[in-house]
Amino acid sequence: MAEDAAKPSGPDLAQGIPLTEIHDGGMLVGHVGDDEVLLVRRGTKVFAVGAHCTHYHGPLAEGIVVDDTVRCPWHHARFDLHTGEAIAAPAFDALACWEVEREGDTVFVRRKREARKPSPRQVRGKPPQRVVIVGGGAGGFAASEMLRREGYGGELVMLSNDSAAPVDRPNLSKDYLAGKAPEDWVPLRPESFYTDNRIDLRLNTEVTGIDVPGRAVVLAGGGRETYDRLLLATGAESVRLSIPGADQPHVFTLRSLADSRAIIAQASGARRAVVLGASFIGLEVAASLRARDIEVHVVAPEKRPMERILGPQLGDLIRSLHEEQGVIFHLEDTAAAIERNWVTLKSANTLEADLVVVGIGVRPRLSLAESAGLALDRGVSVSSYLETSAAGIFAAGDIARWPDPHSGENIRVEHWVVAERQGQTAARNMLGAGEKFTVVPFFWSQHYDVPIGYIGHAESWDDIAVEGDVTAKDCLLRYKRNGRVLAVASIYRDVPNLLAEAEMERALSAA
Ligand SMILES: Cc1cc2nc3c(=O)[nH]c(=O)nc-3n(C[C@H](O)[C@H](O)[C@H](O)COP(=O)(O)OP(=O)(O)OC[C@H]3O[C@@H](n4cnc5c(N)ncnc54)[C@H](O)[C@@H]3O)c2cc1C
Ligand code: FES
């Protein structure tokens, strides 16, 4: 990144380039002064936008163009090429847009356009006057941002029992925990964002009930907040161990910024850590603690890490990635008891540990929905419009089970991008847009320098077709049932992964 900043790449677009240098549907990166600019050609149209994704700076030229949008190779954010608008999370900020001038067959880019406010979509019916969001995480944040982006001018209250404003949760087990990202990267937005956008964000505020007929939520302490529309985005909580010693101060779970800070504080004096559970979070924690030079043991009941979700090939790869970095696995074993300085396993093995992190999964926080009598099905049941069984109450994120048109099943997933995009769709539907949630689920996970991207949803499969070489970390795997591709996972094959996602969308709209 530092190199990019010093010397922008590609041709100087202010000097002009022949149109023939970009094929139809193609992209080219050049620069205008110090700014890197992406040129995209669509037939006779040429667009010029910022070359880097506004999420984590992904190189958009390595993504794909679908209709008049560009999709980021890293975490699949989408941008409108006409306006630069970030139309689908995880990016929220628009790309800069540039004027494109044509002189004969030469294209020139010289001037940045004034940032245009996205025009609110046409909505049906009377807009609500008061929206309440319960949850200050991925879904809640994305909904609040989209409500204002869509021009909603009424009252907007976000209630969160966390002490921190919405944070980039995936970072809490990755670079932030590893000590490679400063804490100012963690908030999704600075405090001023909430005041500037009149989002009444109330932290440390526990919602204890919903009065459905009275259209109000009840707060701990007895206060009430009335709503015209309500979004539940209460996320999930870490499953806790109930073995002896699990409540000691050196035993942690990881969900919030406070949890991550507490692990960092303990890690600063630790030599040996035991991670219980080979979940995504458990393994990302293992990687981050290795980056801090702590000896790490991972204890888990399965034969191969991540096999149930990613299959044996990627399970073996993930194991070897961690072993190459010095992680020691104790598989087909579990913890029986935790003492001050060691963990005893069921196998009777003992492992020394001055830090224990429990990553054995999460449980959706359903108690509000349950006590309000909303329909549940191993999650909060929502319609294609993300509305619960009570009119005017929507749900998004880790708690929501929705009819997924791609698998034909009602599914619930625990993915960052899905939670954000559900928040965005729920926001538009609270304003009457009547938009079905048809997004192909996507998640990513990072193990050292190896990113895994996954689209679709396969709870079970009867075949995994492997393209490329898994051990060389250059592969794409298709998870199939009865010959149909349900999901795709890839390492360093971002374009085929994006194309597979676009293909699933096309198949749905053609059906
Ligand atoms: C450490 C970590 C790393 C992760 N990494 C990845 C990753 O790499 N890729 C990926 O796809 N996913 C990842 N995930 C999962 C992803 O973060 C979740 O799927 C996502 O945050 C879910 O969003 P949500 O809005 O449903 O819930 P959350 O983001 O958990 O937000 C829920 C909010 O509701 C609040 N709340 C709950 N109950 C109440 C109540 N009664 N009253 C008031 N407030 C309440 C909570 O305080 C919180 O603010 C990770 C998760 C963790 C914990
Ligand atoms: S860097 Fe583009 S979506 Fe994350």
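**Stop one: a histidine in a loop**

Start by selecting histidine 57, which sits in the loop between β4 (45-50) and β5 (64-66). Helices (H or I, at least four residues) and strands (E, at least two) are DSSP runs, numbered from the N terminus. Before you go on, some housekeeping: this is a predicted model, where local features need pLDDT of at least 70 and side-chain atom pairs count only at pLDDT 80 or more, while totals for chains, interfaces and linings use all residues. Residues are numbered from 1 along each chain as its sequence is written, chains are lettered from A and ligands numbered from 1 in the order in which they are written, and side-chain values use heavy atoms, with hydrogens and water left out.

Back to histidine 57: check its backbone and you'll find a positive phi of about 75°, although the residue is not a glycine. Histidine 57 counts as partly exposed because its relative accessible area is 32%. The cut-offs here are under 20% for buried, over 50% for exposed, and partly exposed in between (1.4 Å probe, protein chains only).

Now hop to aspartate 67, in the loop between β5 and β6 (69-71). Aspartate 67 also isn't glycine and has a positive phi, near 50°. With a relative accessible area of 54%, aspartate 67 is exposed.

**Stop two: histidine 31**

Select strand β2 (residues 27-32) and pick out histidine 31. Histidine 31 has 16% relative accessibility, so it counts as buried. Show what lies around it: leaving out residues up to four places away in sequence, histidine 31 touches Pro8, Ser9, Gly10, Pro11, Asp12, Leu13, Ala14, Glu36 and Val37. Contact means heavy atoms within 4.5 Å.

Two backbone oxygens are worth a distance label. The one on glycine 10 is 3.0 Å from a polar atom of the histidine 31 side chain, and that side chain also reaches the backbone oxygen of serine 9 at 3.4 Å. Both are polar contacts (a pair of N or O atoms within 3.5 Å; within protein, one must be able to donate a hydrogen and the other to accept it, and residues adjacent in sequence count only if both atoms are side-chain atoms).

For a sense of scale, draw a line from the C-alpha of histidine 31 to that of aspartate 377: they are 346 residues apart along the chain and separated by 52 Å.

**Stop three: a cis peptide**

Which kind of peptide bond joins alanine 89 and proline 90? A cis one, with omega at about 15°. Alanine 89 is in the loop between β8 (86-88) and β9 (98-103), and proline 90 lies in that loop between β8 and β9 too. Alanine 89 counts as buried because its relative accessibility is 0%. Beyond residues up to four places away in sequence, alanine 89 touches His76, Ala77, Val417, Glu420, Arg421 and Gln424.

**Stop four: ligand 1**

Time to select ligand 1 and its surroundings.

Now for polar contacts. An oxygen of ligand 1 is 2.7 Å from an N or O atom in the side chain of aspartate 398. A nitrogen of ligand 1 is 3.4 Å from an N or O atom in the side chain of glutamate 206, and a ligand nitrogen is 3.0 Å from a polar backbone atom of tryptophan 444. The protein buries 95% of the 1000 Å² that ligand 1 exposes when taken alone (areas come from the Shrake-Rupley method with a 1.4 Å probe; for residues, only the protein chains shown count as cover).

Lysine 174 counts as buried, at 14% relative accessibility. Leaving aside neighbours within four places in sequence, lysine 174 is in contact with Glu284, Ser288, Trp444 and Gln446.

**Last stop: zoom out**

Show the whole protein chain as a cartoon: ten helices and 36 strands. Buried residues make up 54% of its 511 residues.
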